Amino acid sequence: MLNIINKSPLTSVTLDTCLNTAAGGDILLIEDAVYAATRGNAAEAMLREAMGRFKIYVLTPDLEARGLGDRLIEGVTSVDYGGFVDLTSNNKTCQSWL
Amino acid sequence: MSDAKKFMFVNRKAPYGTIYALESLEVVLITAAFDQDVSLAFLDDGVYQLKKGQQTKGIEIKNFSPAYRALEDYDVEKLYVEKEAMDARGLTEEDFLVPVTVLNRAEMGKLMEEQDVVLSF
């Protein structure tokens, strides 16, 4: 399953709930969720711990819009809009955790 | 300017994900045009509004961050950043587009008490 997150980890429990609920698979961080994949963010440890069970992706245009293109945590994979489409088509199901 | 009021704009949302940051900026500029005493406070994810290097071409949304640098032309020079929020996001003063005063939460709360009007975004 592809899990799509769009909320900042420091203003919403969405990422936390996803990590605690989903059985595994892919996670794509978009919009304000990209902050979770930046070095020094308080959610960094939570995200690193999740890397054992999930493959983590981040939408590059959203990261660059926020001025954080150079702060991506290693082990997180950058994708563009084409990569976003590939993730949705390569997974049997998608869930947007709104 | 004896009848100027002390206005504080409290910014707690990240830019682009919601419209709050841009709406706040627009009201700040209107208020400044009326010669009021304007302060801006950045708390929680609001500190991300001031991050240098925003490149919004890829998301096709206007990059409004250069407007923070224009604030001093409107005599808006009191910008305060919450230290705890900055630290929790791995940011330092060097990451910001403009000079700011860093305050801890207690100092920020005290500053809010001194205002005549507080508008929260």
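Biologist: In what order do the strands of the open sheet of chain B stand?

Modeller: In this predicted model, chain B holds an open sheet of 5 strands with parallel pairing. The edge strands are β4 (101–103) and β5 (117–120) of chain B, each of which pairs on one side only, and the twist averages 25° from one strand to the next. Read across the sheet, the order is β4-β3-β2-β1-β5.

Biologist: Which residue of β5(B) stands opposite V10(B)?

Modeller: Strand β1, residues 6–11 of chain B, pairs with β5(B) in the parallel sense, and 4 bridges join the two. Within β5(B), the residue opposite V10(B) is S120(B).

Biologist: At about what angle to β3(B) does helix α4 of chain B run?

Modeller: Two helices of chain B can be described against the sheet, and one of them, α1 (residues 20–33), lies across β1, β2 and β5 of chain B while running at about 170° to β1(B). Helix α4, residues 105–113, lies across β1, β2, β3 (78–82), β4 and β5 of chain B, and its angle to β3(B) is about 140°.

Biologist: How do the elements of chain B run from the N terminus on?

Modeller: Chain B has 4 helices and 5 strands, and from the N terminus on they run β-α-β-α-β-α-β-α-β.  The chain is as compact as a globular protein of 121 residues, because its radius of gyration of 14 Å is close to the 14 Å that the globule rule gives for that length.

Biologist: Does E60(B) count as buried or exposed?

Modeller: E60(B) lies in the loop between β2 (37–42) and α2 (66–70) of chain B, and its phi is near 55°, a positive value in a residue other than glycine. Because E60(B) has 8 C-beta neighbours inside 10 Å, and a residue with 12 or fewer is taken as exposed, E60(B) counts as exposed.

Biologist: And does E31(A) count as buried or exposed?

Modeller: E31(A) is found in the loop between β2 and α2 (44–50) of chain A, where its phi is near 45°, again a positive value in a residue other than glycine. Because E31(A) has 20 C-beta neighbours inside 10 Å, and 20 or more is the cut-off for burial, E31(A) counts as buried.

Biologist: Which residue of β4(A) is the bridge partner of Y57(A)?

Modeller: Chain A has an open sheet of 5 strands in the order β4-β3-β2-β1-β5, with parallel pairing. In it β4 (77–79) and β5 (94–97) of chain A stand at the edges, each with a single partner strand, so one side of each is left without a neighbour in the sheet. Strand β3 (residues 54–59) of chain A runs parallel to β4(A) and is joined to it by 3 bridges; in β4(A), the partner of Y57(A) is T77(A).

Biologist: How many residues of chain A are in contact with chain B?

Modeller: On the side of chain B that touches chain A, the residues divide into 6 nonpolar, 7 polar and 5 charged. These 18 residues of chain B are in contact with a set in chain A that numbers 19 residues.

Definitions and conventions
Residues numbered from 1 in each chain as written. Chains lettered and ligands numbered in written order. Predicted model: local features only at pLDDT ≥ 70, side-chain atom pairs only at ≥ 80, totals over all residues. Rg over C-alpha atoms; globule rule 2.2 N^0.38 Å. Contact = placed C-beta atoms within 7 Å. Nonpolar A, V, L, I, M, F, W, Y, C, P; charged D, E, K, R; others polar. Pairing = 2+ DSSP bridges. Axes fitted to C-alpha atoms, helices over the stretch in contact; angles between N-to-C directions.
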